[in-house]
Every structure is written in structure tokens, then in C-alpha cells.
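Biologist: I am new to this structure and would like to go through it step by step. Please show it first.

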Amino acid sequence: MVSSLRLPALTSLISPSFTRRSTVSLRRRLHLRPPLAAGFSAQSAASSPTETEDRVDSKKSGRVQDRGSTDRVITPRSQDFNAWYLDVIANAELADYGPVRGTMVIRPYGYAMWEAIQDYLNVKFKETGHSNMYFPQFIPYSFIEKEASHVEGFSPELALVTIGGGKELEEKLVVRPTSETIVNHMFTQWIHSYRDLPLMINQWANVTRWEMRTKPFVRTLEFLWQEGHTAHATLEEAEKEALQMIDVYTKFAYEQAAIPVIAGRKSKVETFAGADKTYTIEAMMGDRKALQAGTSHNLGQNFSRAFGTQFTDENGLRQHVWQTSWAISTRFVGGIIMTHGDDAGLMLPPRIAPIQVVIVPIWKKVDEKTGVLDAASSVAETLKNAGLKVKLDDTDQRTPGWKFNFWEMKGVPLRIEIGPRDVSSGSVVISRRDIPGKQGKVFGISMEPSILEAYVKDRLDEIQSSLLQRAISFRDSNIVDVSSYEELKEAISLGKWARGPWSASDADELRIKEETGATIRCFPFEQPQGTKACLMTGKPADEVAIFAKSY
Amino acid sequence: MENKLKSKSNHLPPFFVEHMGGGEQKKAGGGGKKKEVKKETGLGLSFTKDENFGEWYSEVVVNGEMIEYYDISGCYILRPWAMSIWENIQTFFDAEIKKMKVKNCYFPLFVSPGVLQKEKDHIEGFAPEVAWVTKSGESDLEVPIALRPTSETVMYPYYSKWIRGHRDLPLKLNQWCNVVRWEFSNPTPFIRSREFLWQEGHTAFATKEEADTEVLQILELYRRIYEEFLAIPVTKGRKSELEKFAGGLYTTSVEAFIPNTGRGIQGATSHCLGQNFAKMFEINFENEKGEKSMVWQNSWAYSTRTIGVMVMVHGDNKGLVLPPKVAALQVIVIPVPYKDADTQGIFDACAATVAILSDAGIRAEADLRENYSPGWKYSNWEMKGVPLRIEIGPRDLANNQVRAVRRDNGEKTDISRVFLVEQVKGMLEKIQQNLFDVAKQKRDACIEVVKTWDEFIKALGQKKLILAPWCDEEEVEKDVKARTKGEMGAAKSLCTPFEQPELPEGTKCFASGKPATKWTYWGRSY
């Protein structure tokens, strides 16, 4: 099975496949590594504590014993960030390996986070005048070749279909890596006059980039995204649109995902293949590496010239349209995981969390069970009716302690405990995920629906803003202002972000990358006042840039 | 399809080319009254539904702005007008399956050959249609990778991994995605395309009873999509052994019928896979008694084909006819200014009408473009199938009323602006109902009950939806297929309806003369 599941040529970097059917039980006996923890990417070899295996093992045996928290221990985040990330993804059931190297299966808990992103953005896109549509996944290779820098940027990563229905295809087809080319091909047919502009569309789709180094959510061969494409009559309108959409992303990151991204413009070196300007939101992950979490491109007339996308303006003159494109992908889910969270596992912002409140009923004696479960169900019902996402964990296979750890690891923002004493006093105990231990625990909250609902909603709001505040402090304490290359190198070597004036050449930028591993993440929109001297050349600089290592 | 459909953008229907060209000319020439008139005349369809159904269809999906043809045969662009219908149905279905505790997820598009070939019967059904990635960048892949034609074989190795004990059951997953089937026979927008969008649900249960129950629950949702949303009557039933899903235990479906072509069309399918895949993929669990057993599985899907069936059933010679429940736009408001009339007042009334309707949750817009005449706009929105048109002219303004015109039957009604929302809501409901009633009437008129082979052949020639007593033997169906082979395609069983008329003792199979065991629908199909 292994050989059939993977491409031998591409697996040399990677550890074994997710399953070997014929020997599956044997593997588990021998405590071989479970798949995801065994390494999605080359880097992950260091991951996977043996505890993960115990869990799979105990589950398989069907004789599930309660081992307290021991069977779900994940590598502490503070100890090995990457191992923590992979452990969390496996244990919280966010994703699993795909059958082909570098692909992933997004499991319901991870997919629900993507749905939360979709639900928010889809509404915003429509509010800002965009319509959804769907373009074919296959693009004739000749389309891709039309825009020179575009093909140069993408060609090594293109997946090509050459056989279909048992026949060699006349022209090889590209499995879309992004849709600018096909979009322009169609825009050319749809746009005739200024009255047809602006044309603003979006699609939710899968895209493919044949990457060598992959990591779940962050970089996979196939990923899900939305891609917006617009055409305008003027450069100004296109620029306004590109900025408007990066603003939508920024608001989403702050308000929904509690990620304090830094919005700015990419350097020329980092600009999208085929764009005039690329705007980006850059997020600082828990290991202080930067994650490009969303981009919006002002494409200028590059694609419209390549594809002849013209319109007749109000004076009867033929003009090329001005375009933008912008995208956010399932990578953002990785960003949420890596921004929040602690040694115990995930910590999800309430507005993204698939489960906002978990209810754990607690009973010891059999005669207590019914009363506790009844109360727990009625609390669950109350909160569900209030529009909250609630999970009642009433299985009797696990102890309350085990459940506490489990749902903490899954990052559920609030936990409600209900025991016999709570039932008789008509109250519940509520614990916050973001404040560990006793400090985050409040006793005696009334079960009375209106009181409980208000209390829970307030706490969720508090958690939402506290996660953001925490991430802001973390970010700000890890950005260093630098005025020389030496200072930059030091900051980067400490794992921090360096912010400094920059007006040096592309070659200098590449040299920094070579020597420090850091790249210009962006020229942030928010710029300090006053005159500045380039950290590299000492010459006057208009802007500061942020340098960091990135995913 | 009887008539070959055009499938390349350079073979666009003549009207389309003319239309696009005309637009350009007009604007390039500065726009003149004469040109506009010419354009207005060009706004129709060049084929009629009754005479040239195939051409009519391919023209109406393009002119109605649902589809754009593309350079790759069998791949189509779904434009916002179609996509919003898809989204409206999706919103309904997604919420319903979530109530059933089905969860969404996403499995990869890429399938390695080994996985694809795991289930033999299954792959035999799909292998000829698979598209293969053989290169990445400049380099050849050592093993080609397939693009999913469906995801059973992609998903089930994971089910094997995830399902251990009875507490892991039921496992109910669904995904919304694209699938690829590289077919060569007549690609037709929505109906048969090489890439399409669908949902595929895959569930696993501890018992057959649970699986059986879910098959029917899902089938009922599919019926509701067709009947309540798309206003298309469908028949629920079970597929014959020959027509069932490859590798499954049994297949149920909702079947629609296109009177114009006399063809049945499978609307959506809900399969009970039994334990066949569980056996192949070793999807076992330990039951409450500690014994090892295999899961029972279902899979179920509906696709963008739904939209094609809707176009075929409701469309007319003026273009699309959209059922209000799924239409992106339910009401289009058009100002009808005359010379010397209070144009601004009319425009304001249009805007106010849209605002009132929108506030009431009705999807309404005004077409205030000044470069088109009201007549042109009427035709344009009729082509796009908007259920209700509201016209506001000077007389309406004076009488504080609007004129409402139904797309389905052309009926005109003056509505006082005082009762606007109630009236419009009522009319939209009536349109929705009427579309269904008319479609049902037409479909029912095509049903022919036959008892002998001669009657069968005659009814087939008359493009009927044939209900015949059958012995339910695979060989007999193969024989029917062989005997009806021809240019139009062979007849086959469509489904055995759950609602069975009485079958008197001694009734013979229409094809074999053996004792019949059931009534089954037969016909040609898409």
C-alpha cells in the first residue's frame, strides 16, 4: 500500500506513508509512529512524542482506559514549536496526511475553522460589490505563458495534466495555481465598454502548487482559497480596490481571528509574479516567524496587455483595463493555530472556534447522573438557542479530568462544569481557556437562562479581546527598531523582527536573505515620522521595512 | 442530447457572437438610436425549445449568462447568475445535513493510482474517465497522479484509520468540491461536463438499519431541492442492478424527466454501499460486545447538474425561467419614462420600490441604465429569467401603483404601492407553485403505462416516460438495451418508484414475458 499511496520519487525527503494496510495492527503494537506526528514535512522529524501513539493504541483496542491526561500530552509549545504544531494538528483532529505527498485531509474540526473564515469573508465580499462565480480548474498551458513574469514565477510549481480519459491530450493542461490567466481570457470577452466596469468577481476554489517542502495548512500541494479578481477603468480605482481588500483582510484578522497582523506593501523582490504592487498582511507566529496571511495585488495593466483586455472609454477610445486580485487561503487556519495556543494545546478565538462552550457534567454516584445530565442538557439548550456553538460531552467513558484536558487541548474558549452540588444550587462553574487554573475559574454562575447567557457571551467577548491583546503585546515586544545591518542581524539572530529604514537595492535585499535568512515582510502602512537613513547604505530612506524569517 | 452541442468558444451560437460584436460596434461608433434598435431585435433566441432543443439549450445558458464556453471542451465557466442558484441550494442543503450531524471536511483532489484501484468494480466504472497529472513543472512524475472522479477510494482508508470502536460511529462527513471526469460523449453545460461542482456525503454506521434510514433521509432532501426549490417534479425510487453505483449495495435516486427530448435524467443519488467498501478498506470496529465487525456505509451526491435540469424544464423561447426560491434576483424594477414625464420621480419610485422589497427580504434590483430602452430591458431580464418584473411609468406614479409582470405566464397586474410587499410575496409564491404545477402536468402527460413490448416500442418512439411491469432480471435489462440501441441511445430502466401501483397477480414482464415483480420506469436518459 505504501508504494501505491506515494510517489517514490518525491518521498525521499519524507517519512513513511500514513498507513500500511496489511500490517496496520502490527505497527500499532510495535508503537510505531502514528502518521501525522511522524512528519508532514522534512522538518518534523523531531516531532511526535510516544504519548500520541498510546492514544491511538488505546482507541484501537476498544478497551479504553482512563489515563488522566497522560495519553494526550503533546510536545510543549515552549519546548519545540514545530513539534507542538504538528502534535496539535494530529491530536485536536484538525487534519491528517493526504494520500499523495504534501497533500492534506482537512478534518471537520479544522474545516469548521475554514468555514468560519468563509462565512465572514463571503458576506464582506458581497457587501463590497463582488459576485461569486466559478472558473474551470484546467488552464491551457498557452494561457500561462502569456504573461512573462507570471509563467516564470509559477512554472516550476505547475501540475500538468497530459492524459485524460485514456488519451494523450493535445495541449497539456495546467491544474490552476491561481486564476489570473483564465480570468483575463474571459474578461477580454466580457468587457467592452466603460459601462461593463468595474467587473468584480470572486471564487472559492482549490488550487495546486507542486511545492517540495510542505507543512499542514501552511504550505500544501493543494489548498483551498478564495481569489478575487477585478477590472477597473482607472489605475486609481484599481489601487483603491487593492487597498480596500487588504483592509477587509486586516479587519478580519484583528476582529475575528484575534491576529494583530501588520499590513503593508511588499518589496519589489517579494511582489507577486505579474503584479505592480502587492499588499500583504503579515502575522507573527508563536515562534516569532512571520506568516504571510493574505495578499492583495494591484496588477496594473500587466495581464490586460498580455491578454488584450480592453474597453472603450467614455470618449470612444480603447484602453486596457486596470486589475486587482486578492486571496486568503487555508494557510490562515495555520496562522490561527500558531498565533494562539500554549503548552496545553490550541487556544481558539471565540469567533473562529467550532465549539465555543463545552459542557462537562460531573457525577460520582449513579443516582446523581440523571439530575446532572438533565441540568447539563438544559444549559446546552439554553446556550444553543442563544446562537452559541455548544458541545455537551456526556460520554461516560472518560473522567471529567480527562475531558478537561482534552477540550483544553482542542482550544475550546469556555468550559462549563456541572456537578450534583451545582444542580442543587442552580448554578454552574465556568472556566476560561485563556486563563489557566483557578484564576480562570468562576463558581456559582446561575443557571437561569438570561443570566447564564449574558455571562457566557460577556466572557467570550473578553476572551476574544484578551487573545488579541496578548498577541499584540507579544508582537510588539518582538519587533526591534534597527538602524544598521549589524543591529538587524542581531535582531534576526535573536529570532525577532527587525524594523528599519530601507532604500537599498534588490541585490542588498537578497544578500540579507542569504546571510540572515530574513526577508522584507513588508513596508508597513503605518510609518514613523521624520527623516530616516537606510540601515544598509546610510542614504536617505522614505520608509521603514520589516525584516523577519518567515514560513 | 439529440443534437450535438457546441462546445468551444469559437463555436458560440450565432446570436452570442453577434450580440457581443454588436455591443462593441455600437459603443465604438458612439451609439446611435438605429444601432440600439438593431440590438433590441437581436435579443431573442435563434432556436426554439420545441424545434431545436439542443441548440436552444446551449444558447439559453449562454444568453441567460449562466455559462460561458471555454477553450477546453467540456469545461464551462459558471457565471454569477448560475453560481448564486448553486449557492441558494447549497445553503439549504448544508444547513439540513448539519441538523443531521453531518460534518464538512475536505479530502485531496489528488489520488494515487494504488488507492484508485483498490475497489475493482468501482474503478471499472470510473477508470476510462480519469484525468492524470504526469508532470510537475518540467519534470515527469514517476507515478502519475489521478484527479478524483469521486472520493470513495480517497476517503475510506481514513475511515479505516479513524474508526476503531462503536463509539466512533456513526461517522458522517460531507465535502463540497470539484470532481473531474474526462468523458468524451457530448459535453453539455451543467448536464455533462468534465469538471463539475458537487457535494459528496460519505457516512459509516454500525448497523444496516441506520444506513438504510439515512439513505432515505438524504433522498428526501434531494426531493425537496428539486420540488421545493427548483420546482421540478421528481420520482423517488431504486435503481436496477445494472444501473446502480459500481461497488455499492443499492442505489436510490430522484429522477426527473425532460418532456422535450423524452429523456429521463438522474437528479441525485443516495447509495447504500453495504459492506463492500468496508471489506476492501478494512473499515472495522469493535462493537459493544467486544466483537469485531464491519461498518455499513452510504454515499450520496448532487451536483451542478441540478441547474441544468432546471433550465431544461422551465426555460422557454424567451430564455430562462427561474423559480423565485433560487433566483439571484426575484424582482427586477424597470422605469418606463415617457417624453415630458417626471423622469426623476419615476426613478425615485423605482429606487423606493427596491428599498421596500429589499427590506422585506425580497431580492430586488432596479435597472436604471440610461443607454437601454425599457423594451430592451424587458427582453434582457426575460432572457435571464427573473420571476417578476415591476414596471413604473408616469401613470403608475400618478396612481401610486406599479405594474407587475410574471415571467412564467406573462400575467400583468397593477399593484398599489400600499400593499407592495404582501402582493409581491404572494405573487412569488404563486409563481413558484405554478412552475411546479405546470412542470408536473407536462411530466405526467408523458407517462405511459405499457404492458407489452410493442406498446413499449411505440411509447419510446413517442418520447414517453414509460412505466412497465418488469421481472427485475439483469439479463432482461441488457436485452432491452440491446434491442433499443440506435442513434438516440438505448432505453434503460430509470428507477423502480417507491410508490408502486397495484400489480395484479399474473402480470407479465413487458420485455421477457416472465412474471413481473414490480413497476419500473423506463426510457432514454441523459
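Biologist: What percentage of the 526 residues in chain B is buried?

Modeller: This is a predicted model, and every value here is computed from it. A residue is taken as buried under 20% relative accessible area. In chain B, which has 526 residues, the buried share is 60%.

Biologist: What is the radius of gyration of chain B?

Modeller: Chain B holds 16 helices and 23 strands. For 526 residues the globule rule gives 24 Å, and the value for chain B is close to that, so the chain is as compact as a globular protein of that length. Its radius of gyration is 26 Å.

Biologist: Among contacts in chain B between residues at least 6 apart in sequence, what percentage joins residues at least 24 apart?

Modeller: A contact here requires heavy atoms within 4.5 Å. Chain A, with 18 helices and 25 strands, has 69% of such contacts between residues at least 24 apart. For chain B the figure is 70%.

Biologist: How far apart do the centres of the positive and negative side chains of chain B lie?

Modeller: Chain B carries 71 positive side chains and 72 negative ones. The centres of these two sets are separated by 2 Å.

Biologist: Is B:Leu109 buried or exposed?

Modeller: B:Leu109 sits in the loop between strand S3 (103–104) and strand S4 (110–111) of chain B. Its relative accessible area is 0%, and the cut-off for burial is under 20%. B:Leu109 is therefore buried.

Biologist: Which residues of chain A is B:Leu109 in contact with, leaving aside its neighbours within four places in sequence?

Modeller: Within chain B, the contacts of B:Leu109 include B:Ala146, B:Leu147, B:Arg148 and B:Asn178. B:Ala445, by comparison, lies 43 Å from B:Leu109, C-alpha to C-alpha. From chain A, the contacts of B:Leu109 are A:Gln137, A:Val175, A:Asn206, A:Thr208 and A:Glu222.

Technical notes:
Residues numbered from 1 in each chain as written. Chains lettered and ligands numbered in written order. Predicted model: local features only at pLDDT ≥ 70, side-chain atom pairs only at ≥ 80, totals over all residues. Heavy atoms only, no water. Helix = DSSP H or I, 4+ residues; strand = E, 2+ residues; numbered from the N terminus. Rg over C-alpha atoms; globule rule 2.2 N^0.38 Å. Buried < 20%, exposed > 50% of the residue type's maximum accessible area, 1.4 Å probe, protein only. Lys, Arg positive; Asp, Glu negative; His and termini not counted. Charge placed at Lys NZ, Arg CZ, Asp CG, Glu CD.
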